[in-house]
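I'll jot down what I look up as I go.

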Amino acid sequence: MSEMRMREIDKLQLTTLKEDDLIPRQLWQKEKDAYEADIKNLKETKAHLENQLKFQAQVNSELKTLLVAAVGEDLESRVQHLTEDKLSLARALLNSANHLTSHQEQTEWLSGQCEVWRSKFLASSLMVEELARWKSALTKRINDLQNVIKSILSDHYKLQKQMMTTFSNLKGVSETYNSTKSYNLKTGDIMELGFSIQNLSEEVADIIGVDQKLKIVDEKLVNAYSPTEKVALK
């Protein structure tokens, strides 16, 4: 390419010399040197650009290799991480499924226990209601019996006073007819009074000569109860 350029320049110079012999040779030489300098600069620029192109191609090739390797390693690493994450997720799902199964079994067991305790609670509620009725009835019965006991004690007190009077009267009659024998009470309770009155009455009956037929006790009256005792026996 440079030789063709030189030939063209020579032709132009010859043509110029033929057409115009007035152009100085010095000017021609100056232009020639300028063209040669331009050609030299262009060659140097071309060589520099070719070197840069080769260097850039080499750099691009190396970058491409590094990029492919980096992308490959990154993809492999990401695939490995994804695989590990998948395995971890699978284990977590399996554990969750086991926990759910266990929780379901516990829930079913607790549901059964709830039904059992519900039945027990209903049964105990019925028992409590029944016991409450019994308690109310027994409380009423106890109050009634306490009132009966008070009435019986009151009747016994009155009976004791009456028996004491009867004992005193019979004792006076007995001592009037038989002064050698005397009756004295130790405690004065009803049992002692009854026993003493029975003995005194038999003695007085013998003294005054009561007919033996009149001494027969009516058996119907033996088991007779007072109104208070009848209430107590209900």
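Predicted model: local features only at pLDDT ≥ 70, side-chain atom pairs only at ≥ 80, totals over all residues.

I started with K234, which counts as exposed because its relative accessibility is 70%; exposed means over 50%, buried under 20% and partly exposed in between, with a 1.4 Å probe and protein chains only. K234 sits in the segment after α5 (227-232). I also checked K234 against L145: they are 89 residues apart along the chain, and their C-alpha atoms are separated by 9.8 Å.

Residues are numbered from 1 along each chain as its sequence is written, and side-chain values use heavy atoms, with hydrogens and water left out.

**Overall layout**

I counted 5 helices and 0 strands in the protein, taking helices as DSSP runs of H or I with at least four residues and strands as runs of E with at least two, numbered from the N terminus. Of the 234 residues, 9% are buried. The accessible surface is about 20,200 Å², and carbon and sulfur atoms hold 61% of that (Shrake-Rupley method, 1.4 Å probe; for residues, only the protein chains shown count as cover).

I then looked up residues 25-59, which an unreviewed UniProt entry annotates as "coiled-coil region"; such annotations may be inferred rather than shown by experiment. In the model this span is 100% helix, and its end C-alpha atoms lie 50 Å apart.

**The core**

Which residues form the largest nonpolar core? I found 8: M163, F167, L170, Y183, L193, I197, L200 and V204. Such a core is a set of buried Ala, Val, Leu, Ile, Met, Phe, Trp, Tyr and Cys residues joined through side-chain atoms within 4.5 Å. Two elements, α2 (25-177) and α3 (190-208), each give two or more residues to this core, and α3 supplies the largest share, 4 residues.
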